[in-house]
Amino acid sequence: MKKFPTRLKIGEHEYRVVLMDELEEEKAGMCFFGDEKVIMISARQSREEIIATLLHEILHAVEQEHKVKLGHAIINKLEYALADIFCQLLALQSPRRKGG
């Protein structure tokens, strides 16, 4: 994917963003909140799905950094609502929903 961000500042912390060939348990993405903040995204997705997954993990980071409880159901809804808008801006197809 072109111009994939490698770092994002979310709240007061900088998150390293890594596009991975494989993630554990065949996950689409993961977010780590330890000493080093990391968002990992599976490269085995379409561009549209990568955008949706990145937004999903960013929402988890926002939840953590800003001490708000969104919950997974709301994060899933926001993920696809925002991904649809971003994909329109980038002239891509809307991402397919992953069961939620």
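Just after helix α1, K67 takes a positive phi of about 55 degrees. The structure is a predicted model, in which local features need pLDDT of at least 70 and side-chain atom pairs count only at pLDDT 80 or more, while totals for chains, interfaces and linings use all residues. Residues are numbered from 1 along each chain as its sequence is written, and side-chain values use heavy atoms, with hydrogens and water left out.

Helices (H or I, at least four residues) and strands (E, at least two) are DSSP runs numbered from the N terminus. Of the 19 residues of α1, 16 are buried, that is, under 20% relative accessible area, with exposed meaning over 50% and partly exposed in between (1.4 Å probe, protein chains only).

A salt bridge is counted when a side-chain nitrogen of Lys or Arg is within 4 Å of a carboxyl oxygen of Asp or Glu, and by this rule there are four salt bridges, among them the following.

| Salt bridge | N to O distance |
|---|---|
| E14 and R7 | 3.4 Å |
| R44 and E22 | 3.4 Å |
| E63 and K69 | 3.8 Å |

R44, in the loop between β4 (37-42) and α1, and E22, in the loop between β2 (13-20) and β3 (29-33), are 22 residues apart, and the pair links distant parts of the chain; both R44 and E22 are exposed. E14 is partly exposed at 48% relative accessible area, and R7 is partly exposed at 46%. E63 counts as buried at 13% relative accessibility, whereas K69 counts as exposed at 74%.
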